[in-house]
Amino acid sequence: MSTRALLTKSGLRPRKRLGQHFLEDPGIINKIITHARFDNKDVVVEIGSGLGALTIPILPHISHVVAVEKDPLLIAILKERVPLKDNEKITFISGDILKFDVKEIYDRYQQKIKVLGNLPYNISSPFLERLIVNRDYIKSAVLMFQYEFAQRLTAGPNRKDYGALSVISQYYARISPLIKIKRQAFYPKPKVDSMVLEIDLERPYPFQAENEESFHRIVKAAFSCRRKTILNSLERGMVSVPREMIAKALEECLINPKRRAENLTIDEYIRLSSALTPDKTSLLTHNKVNVI
Ligand code: SAH
C-alpha cells in the first residue's frame, strides 16, 4: 500500500512539526540498505521509524531493531505492518530520540549499536551531538541529512562549507557520503534534497587532542569570525587569553597568523589546542563534551 493510502486509511496527515517526510522510492530504500552493509548480528536503533519504510526491509538483514518514534499513531500503524514471523526482532519505543538512552540497549545486548535514520532535519545538530557523546556504545550511524548540512559535515579545509561542525565531527568519526537523494523520493516532498552519510565512530581522527575541551573551544573561537585572520579571530573568541600568548602558540605550531580559520587542518587545530591549553592538570577532570 502507498504511503498516502496508509495514512488516509488511518485518517492521518503527515505532521510538519515532526518532520514527517516518508521515503517512497523502493530503489532508494534498497540502496540505503545495501550501503549500510548490515550484518545478521547487528542491533540497530532506528530514529523515526515512521511507517516502516526502512524498518521493515532491514528485518531480514539484522538481529534486532529498536524503532524509536515520537508519533504514537505511527507506531500503531507500523506494529500492524510488521510480518508476524519478525515480531521478535523489533522493539517499539514511543518517544523522543533526544531523550533516549542508547547505553541501555548496549547493556541489554552487550554489543555496540548501529544507528539508522531518516532524521527529521530540525534535530540534526542535537542528535549528532548525542551520537558523539555516546560514541562508546555506537559502532556507526547511517543517517539522512539535509543536503547542505551533509556538505558542512563532510567538507575539508579551504572549502566554503568547512567550519567548526566539520572539524569537530571529523575529529570524532570518519564521515563518508553514501547517496544523494532528490526530494522527489519522499511524500510529502520536502523543499530540499538530502544526503545519506555514514558516520563511523570506530574510526575517529587518528590523532587525539590532549584536552578535548580546549580543542572545542579553539575551533569554535577560530570560526566565530571566519573573515578575520586566525590570530584576530582567536583573540576575539578567547577573551581570557592574551594576544601574545596566541601569537606564540601559532608560531610554535608553525601556523602563519595571517591564515584564516577555514585554511587550517584538523591536525593544526589539535596541535594548536595543545599549545594553548593553559592548565594541563584540567586533563584529569575533563570529560564534558559540548560539541555543536
Ligand atoms: N523513516 C521513515 C520516516 C521518516 S520521517 C521513512 O523514511 O519513511 C521522520 C520521522 O521521525 C517521522 O516519523 C517523525 O514522526 C519522527 N520523529 C520526529 N522527531 C522525532 C524525535 N525527536 N524522536 C523520534 N522520532 C521523531
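Contact here means heavy atoms within 4.5 Å. The model is predicted, so local features need pLDDT of at least 70 and side-chain atom pairs count only at pLDDT 80 or more, while totals for chains, interfaces and linings use all residues. Residues are numbered from 1 along each chain as its sequence is written, and side-chain values use heavy atoms, with hydrogens and water left out.

**Exercise 1. Describe how α7 and α8 pack, and name the residues that meet.**

Step 1. Two packed helices are described by the angle between their axes and the distance between the axes. Helices (H or I, at least four residues) and strands (E, at least two) are DSSP runs, numbered from the N terminus. Axes are lines fitted to C-alpha atoms, for helices over the stretch in contact, and angles run from 0 to 180 degrees between N-to-C directions.

Step 2. The axes of α7 (residues 147-154) and α8 (residues 164-172) lie 6 Å apart, at an angle of about 65°.

Step 3. From α7, Phe-149, Arg-152, Leu-153 and Thr-154 make the contact; from α8, Leu-165, Ser-166, Ser-169 and Gln-170 do. Sorted by class, this contact has three nonpolar, four polar and one charged residues. Nonpolar covers Ala, Val, Leu, Ile, Met, Phe, Trp, Tyr, Cys and Pro; charged covers Asp, Glu, Lys and Arg; the others, Gly among them, are polar.

**Exercise 2. Characterise the interface of domain 1 and domain 2.**

Step 1. Domain 1 spans 3-200 and domain 2 spans 212-281, with bounds from an automatic or database domain assignment. Their centres, taken over C-alpha atoms, are 35 Å apart. Domain 1 gives 13 residues to the contact and domain 2 gives 15 residues.

Step 2. The buried area (accessible area, 1.4 Å probe, that two parts lose on being put together, summed over both) is about 1,100 Å², with 64% of it on carbon and sulfur atoms. On the side of domain 1, Tyr-162, Val-167 and Tyr-171 lose the most area, together 44% of what that side buries.

Step 3. One salt bridge crosses the interface, the term meaning a side-chain nitrogen of Lys or Arg within 4 Å of a carboxyl oxygen of Asp or Glu. By class, the domain 1 side that touches domain 2 has seven nonpolar, three polar and three charged residues.

**Exercise 3. Locate the cis peptide bond and the positive phi.**

Step 1. The bond from Tyr-187 to Pro-188 is cis, with omega near -10°. Pro-188 lies in the loop between β8 (186-187) and β9 (194-200).

Step 2. Gln-110, a residue other than glycine, has a positive phi near 55°. Its place is in the loop between α5 and β5 (113-118).
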